[in-house]
Each structure stands twice: as structure tokens, then as C-alpha cells.
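This briefing concerns a single protein chain. Please view its sequence and structure alongside the points that follow.

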Amino acid sequence: MRTASLSILITFFLGIFAAWGVMSIKNRLWRFVWDGILTLPLVLPPTVAGFFLLYIFGVKRPVGQFFLDYFSVKIAFSWGATVIAAVTMSFPLMYRSARGAFEQVDPDLLAAARTLGMGEWTIFWKVLLANSIPGVAGGGILAFARGLGEFGATSMIAGNIAGRTRTLPMAVYSEVAAGNMDTAFVYVAVIAAVAFLCILLMNAAAWRAGGGIHG
């Protein structure tokens with residue numbers, strides 16, 4: 001829960017600003033390229049995404065070595081690595097949800113704001129984001145659930161260290177492997193309950209947007 005909570009704080013704002021940035025790109029080809037790059041973790045197998053993260057943040061790799069040498073921080077196989085994995089895998093959901101919500105805003109509203117002399121930053125906060133809150137909120141809920149359930153990438157870059165990098169999905173795997181089915185069931189029940197709550201919250205966001213559960 002600690003990992004998922006911190007990761008959604010990061011993912012929420014990264015996804016919103018990434019969506020805004022991609023929408024602001026005028027060149028269609030570059031927009032497609034950046035959209036593909038930002039969406040890539042969504043379609044990659046989690047272990048492959050985890051391999052890339054380990055390749056970047058490993059202690060013998062440039063980024064990982066830099067943090068170790070200058071900040072005495074070891075990223076790989078630390079609790080911070082679980083957050084990085086969760087952010088990486090949940091980011092595309094937040095990004096695409098935010099972009100979809102932004103694209104539903106009437107362009108005439110944005111044009112009217114510009115004719116009134118509003119700056120782009122003000123337009124973003126008071127017009128674009130204000131009219132996209134239900135869709136953005138739904139994306140945040142979905143991204144949180146994805147971060148909570150992350151397994152593959154986390155196992156690659158953070159490992160499964162009890163009391164340090166073991167997340168709920170890792171705990172389920174460990175308890176089942178050890179034959180502790182009752183304990184594993186408790187963890188599964190927690191994950192299932194949180195996931196169901198996320199579904200209810202997403203439906204509530206859809207109803208608020210006026211689309212119902214099918215909207």
C-alpha cells in the first residue's frame with residue numbers, strides 16, 4: 001500500500017502533464033512517436049519492462065552507478081525500486097486516460113479562453129483540466145489499482161525481500177510457494193477488496209461525467 005500510494009502521487013501528475021505535452025505537439029508524426037513511447041510499458045510484458053529498468057538502474061549501469069557514487073543510494077533491490085516499477089507500469093494508464101479526457105473537451109472552450117487573453121498555463125488549469133476531472137480521476141483510480149497489483153517488473157528490479165521490497169502480490173506468491181494458503185488468502189482478499197473499491201470509484205466517476213457505467 002505504501003508503494004502504491006507514493007507511486008500514484010507521482011504517476012497522477014506525470015500522466016496529466018505528459019498528456020498535455022503530447023497534445024501540444026503540432027507535428028503529427030512526432031506526436032505519434034511520443035505517444036508510442038509513453039504507451040509502450042502498457043503493451044510490454046512486465047518482466048521485459050523490468051529488465052529495461054534493471055538495465056538502467058542496476059549498480060553497474062550509468063544511472064544506477066551515478067546515484068550510488070554521488071548520493072550513496074542504491075536503487076536496484078531497494079524499496080524505491082518498487083515505486084519505480086509501479087510508476088512505470090501504471091503511468092501509461094494514467095497518461096492515456098488523461099489524454100482521452102482532454103480530447104473530449106470542446107476545442108471552442110479553449111479557443112474562447114485564448115481570445116479572452118488567458119495564458120496557456122491558466123487555460124490548462126481552469127479550462128482543460130477543470131472540464132476533464134471525471135476522466136482524469138478515473139485514470140488515477142485505475143493507475144492506483146495497477147500499481148497495487150504490479151508483480152513482474154517489481155520482481156526484476158526490486159526482488160522479493162521480506163520487510164523491504166515485498167509488495168502484496170509478491171507476498172501472495174511467497175506464501176503460496178511456502179504452502180501457507182491461509183495467509184495467502186488474506187493477502188488476496190485485501191487486493192480483491194481494494195480492486196473492487198477501485199471499480200466502484202471508477203463507476204462513480206463515470207456517473208458524474210454523465211456516461212453511466214457504459215459511458
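In which helix is the place of Ser174? Ser174 lies in helix H10, which covers residues 168-177; helices are DSSP runs of H or I with at least four residues, strands are runs of E with at least two, and both are numbered from the N terminus. The model is predicted, so that local features need pLDDT of at least 70 and side-chain atom pairs count only at pLDDT 80 or more, while totals for chains, interfaces and linings use all residues. Residues are numbered from 1 along each chain as its sequence is written, and side-chain values use heavy atoms, with hydrogens and water left out.

**Overall architecture**

- The chain contains 11 helices and zero strands.
- From the N terminus on, its elements therefore read α-α-α-α-α-α-α-α-α-α-α under the DSSP assignment.
- The C-alpha trace spans about 65 × 45 × 25 Å along its principal axes.
- Of the 215 residues in the chain, 38% are buried; buried means under 20% relative accessible area, exposed means over 50%, and partly exposed lies in between, with a 1.4 Å probe and protein chains only.
- Among contacts between residues at least 6 apart in sequence, 67% join residues at least 24 apart, where contact means heavy atoms within 4.5 Å.

**Helix H1 against helix H8**

- The axes of H1 (residues 2-24) and H8 (residues 133-148) come within 9 Å and cross at roughly 140°; axes are lines fitted to C-alpha atoms, for helices over the stretch in contact, and angles run from 0 to 180 degrees between N-to-C directions.
- H1 and H8 are therefore oblique to each other, since angles under 35 degrees count as roughly parallel, over 145 as roughly antiparallel, 65 to 115 as roughly perpendicular and the rest as oblique.
- H1 passes H8 in a right-handed crossing, a term that applies if the near helix is turned clockwise from the far one by less than a right angle, with anticlockwise giving a left-handed one.
- On the H1 side the contact is made by Ala4, Ser5, Ile8, Thr11, Phe12 and Ile16, and on the H8 side by Val136, Gly140, Ala143, Phe144, Gly147 and Leu148.
- By class, this contact of H1 with H8 has eight nonpolar, four polar and no charged residues; Ala, Val, Leu, Ile, Met, Phe, Trp, Tyr, Cys and Pro count as nonpolar, Asp, Glu, Lys and Arg as charged, and the others, Gly among them, as polar.
- H8 has 16 residues and reaches 22 Å from its first C-alpha to its last, close to the 22 Å expected at 1.5 Å a residue; the expected span is 1.5 Å times one less than the number of residues.
- Buried residues of H8 are Pro134, Val136, Gly138, Gly139, Gly140, Ile141, Ala143, Phe144, Gly147 and Leu148.

**Helix H1 against helix H7**

- H1 and H7 (residues 120-128) pack at an angle of about 120°, with their axes 13 Å apart.
- The crossing of H1 past H7 is right-handed.
- Ile16, Phe17 and Trp20 in H1 meet Glu120, Trp121, Phe124, Trp125 and Leu128 in H7.
- The residues of this contact of H1 with H7 divide into seven nonpolar, no polar and one charged.
- Phe124, in helix H7, counts as buried at 1% relative accessibility.
- Not counting residues up to four places away in sequence, Phe124 touches Ile16, Phe17, Trp20, Phe102 and Leu129.
- The C-alpha atoms of Phe124 and Trp20 are separated by 8.2 Å, although the two residues are 104 residues apart along the chain.

- Thr154 is found in helix H9 (residues 152-157) and is buried, with a relative accessible area of 1%.
- Leaving aside neighbours within four places in sequence, Thr154 is in contact with Thr82, Ala85, Gly159, Thr165, Thr167 and Met170.
- Ser174 counts as buried at 14% relative accessibility.
- Ser174 touches Asn160 and Arg166, again not counting residues up to four places away in sequence.

- Ser72 is in the loop between helix H4 (62-71) and helix H5 (79-103), and its phi is near 55°, a positive value in a residue other than glycine.
- Ser72 is exposed, with a relative accessible area of 64%.
- Phe77, also placed in the loop between H4 and H5, has a positive phi of about 60° although it is not a glycine.
- At 32% relative accessibility, Phe77 counts as partly exposed.
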